[in-house]
Amino acid sequence: MKKFLRVFAGISALCVLSCTPKPSGNGGPVYLDTHADIEARIDDALSRMTLEEKIKIIHAQSKFSSAGVPRLGIPELWTTDGPHGIRTEVLWDEWEQAGWTNDSIVAFPALTALAATWDRDLSALYGKSIGEEARYREKDVLLGPGVNIYRTPLNGRNFEYMGEDPYLSGQMVVPYVQQVQKNGVAVCVKHFALNNEETFRHTTDVDLDDRALYEIYLPAFKAAVQQGGAWSIMGSYNLYRGQHVCYNQRLIMDILKGEWGFDGAVISDWGGVHETDAAVKNGLDLEFGTWTDGLTMGATNGYDAYFLAKPYRDGILSGKYGTEELDEKCRRVLRLIFRTAMNPDKPFGAINSEAHYAAARKIGAEGIVLLKNDNQVLPVAPGVKRILVVGENAVKMMTVGGGSSSLKVQHEISPLDGIRARAGKDIEVVYARGYVGDTGGSYNGVSSGQDLSESRTPEQLIAEAVELAGQSDLVIFIGGLNKSNNQDCEGTDRRSLDLPYDQDAVIEALAAANPNLVVSLVSGNAVAMPWVDKVPAILQTWYLGSEAGNALADVVFGDVNPSGKLPFTFPKQLTDSPAHQPGMTFPNRHKVVYEEGIFVGYRWFDEKDIEPLFAFGHGLSYTQFSYGEAKLDKSSMNENGTVRLTVKVTNTGDREGAEVVQLYIADKESSLPRPEKELKDFQKVLLAPGQSKDVTFTIGADALKFYDPALPGWKAEKGEFEALVGSASDDIRTRAAFTLK
Ligand code: GLC
């Protein structure tokens, strides 16, 4: 009875505090505004918690949850992967799935596909949809999105991120963050920071100059925190300048919590904590996934052996540590709990809804990038009566595998399914395997259930495909990478830029057999295309999740006019990439220095004057767009002024289409080296045939600044600048010069 009274007293006290209406002028109850309310609740809870209770809430109690304070009615915190959909329920302390039958969900397109839409509204739709699914599954923290910069085309996790440009990643992550959190679910933006390769991710010690850090690798995280209002952030596995990032003095204390004013919780990556001392002092707030050595490495339920558990509690009791760091950690964890698990205003969410499937399909179709379309091979012409679909990726499930973003979906429409459904009875669709890639199909106990076994030889498979190609009006090869190790998969990197499984030979053979060939690449990374001149039409179709086949068919049959643009550069060869210059060993077990500095992606290709296979920002349409001259409202601006640029964009084709109008800024005279141009704004405009729209950009000093380590800080230098407006980074249509006074 006594315990009950204590709990009841605790809950009622907390509720009283949190629900006491402030007397308002007109007599009606006006509740404390959420923020003040939460801060008051934190103070109250903290004042009641014992040392034991404080220690308990700053580390995991199960694979994906951390403790609350039962005595005070404060619930535990439940986290879930991942960036593209809500991970299947796992056993309390295992990675293996729990075998529930009510946790199948919608897989949304991978974040490279979202980035490729260049559509901020779709990012909001994405965040709303995935946030509703997390909420419905009763999860408090969504372990995503990821915004690590695409430094090398071999990074196994690039498919989870938003490309090579910090501005595009920043713009596309903010709406996602805002909308997820509107569901009372926290995002956990990851992997902060400098986790740009997978092979030795637990030991790679990254070093780079401050300009690259501030101008390239941090901006997307900063936008997620300052513009998105992220409630938690995940520390990455790697080291920065010799110190693990999960408790890195400079990144966590000086920059994230200091310069940026982050008020949320820093959560370690699973197994990212290796010591107590720095974890106490350098701002780690919540420890997850530690392989405990309290019993044996990887012992189950060894949670009290966590570095922020017994060792920390003993350190406090022995006087080695004070309690101010502990209270600060608890404040941030309590703030996370009050914003989520104890948020009284959150909606109820939804799962597997029509709206979510429609969102997945819309985002997928808008993310597809039409790389090439000679002779208008696409969309499917009216006269086409027989389509041959070739390739393992036409049938292979892609929502299973790839690491922690692997999902258990309610359904996944394969490319072949989608094309068949759309073709209907008027067009015959024939399938040929073409090649054998990875016949597996399970991850963490979730199985695709597909039997992809194949007894025929590669030669037989190619012969079959070639013969059928000769009898078809249109051939669609669907290949690319997959979610297996050393493909697009966490924990590993690719071994080369080439397509695996000898797909190049299949494509060459098909090109010789039928000129009406489309190559559709399912991948999250750039690949080499030695056959690029022999293939008239190429689509980059990403990993599109549950509605993949429908989204692809929407574009292939022209129901949707493609409007995607590449969020990263496709190099012609690996050594064109800045991370693969002679003498630079990749992957690195220990030290990796980002010697290219700020010259990442198109910045590097511009600087070295290297022609890419396909450029950042490139993407075609089934219609065409013309640009008028860029007009400025004035020829100069001062530090706190702006310049407005207007450009008329016209749809000169015969069908409606959307164009991503891109604004790059060039600093014509600077005291430090700067890229030839940098993306500083973009707008997606939908135009009917013949329609024109004036697109206006407001250019402020922020778009002109660079980071000067000597200050240290951001600055815009007076002098000549140029605004470049175009349809791609290598397709600038108009320019206008102005000066900063
Ligand atoms: C993994 C990943 C991280 C994921 C976490 C939980 O190792 O690095 O992205 O959210 O552990 O699965």
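A charge sits over a ring if NZ of Lys or CZ of Arg is within 6 Å of the ring centre and within 35 degrees of the ring normal. With that in hand, the charged end of Lys677 sits over the ring of Tyr664, 5.7 Å from its centre. Please keep in mind that this is a predicted model, in which local features need pLDDT of at least 70 and side-chain atom pairs count only at pLDDT 80 or more, while totals for chains, interfaces and linings use all residues. Residues are numbered from 1 along each chain as its sequence is written, and side-chain values use heavy atoms, with hydrogens and water left out.

**Aromatic rings**

- Rings of Phe, Tyr and Trp (its six-membered ring) pair if their centres lie within 6.5 Å; planes under 30 degrees apart count as stacked, over 60 as edge-to-face and the rest as tilted. This rule gives 26 aromatic pairs.
- Trp118 and Phe682 form an edge-to-face pair, because their ring centres are 5.2 Å apart and their planes stand at 70°.
- Trp118 lies in the loop between α4 (111–117) and α5 (120–136) and Phe682 in strand β26 (residues 678–687), so this pair ties together parts that are 564 residues apart in sequence. Helices (H or I, at least four residues) and strands (E, at least two) are DSSP runs, numbered from the N terminus.
- Both Trp118 and Phe682 are buried. Buried means under 20% relative accessible area, exposed over 50% and partly exposed in between (1.4 Å probe, protein chains only).
- The rings of Trp542 and Phe568 are also edge-to-face, since their centres are 5.7 Å apart and their planes at 85°.
- Trp542 lies in the loop between β19 (537–540) and α17 (548–556), and Phe568 in the loop between α17 and β20 (591–593), so the pair links parts that are 26 residues apart in sequence.
- Trp542 counts as buried at 1% relative accessibility, and Phe568 counts as buried at 0%.
- One aromatic cluster is formed by Trp118, Tyr167, Tyr602, Phe616, Tyr664 and Phe682.
- The charged end of Lys63 sits over the ring of Trp291, 5.7 Å from its centre.

**Leu370 and its surroundings**

- Leu370 is found in strand β12 (residues 369–373) and is buried, with a relative accessible area of 0%.
- Leu370 and Ile538 are 168 residues apart in sequence and 6.3 Å apart in space, C-alpha to C-alpha.
- Leaving aside neighbours within four places in sequence, the contacts of Leu370 include Leu378, Ile538, Pro562 and Tyr622. Contact means heavy atoms within 4.5 Å.

**Helix α17**

- Nine of the nine residues of α17 are buried, so this helix is largely enclosed by the rest of the structure.
- The buried residues of α17 pack against α13 (354–367), α14 (415–423), β17 (474–480), β18 (517–522) and β19.

**The ligand**

- An oxygen atom of the ligand is 2.7 Å from an N or O atom in the side chain of His191.
- For Tyr237, a side-chain N or O atom is 2.6 Å from an oxygen atom of the ligand.
- A polar side-chain atom of Asp269 lies 2.7 Å from an oxygen atom of the ligand.
- The protein covers 97% of the 310 Å² of accessible area that the ligand has on its own; accessible areas come from the Shrake-Rupley method with a 1.4 Å probe.

How values were computed: Polar contact = N/O pair within 3.5 Å; in protein donor to acceptor, adjacent residues only side chain to side chain.
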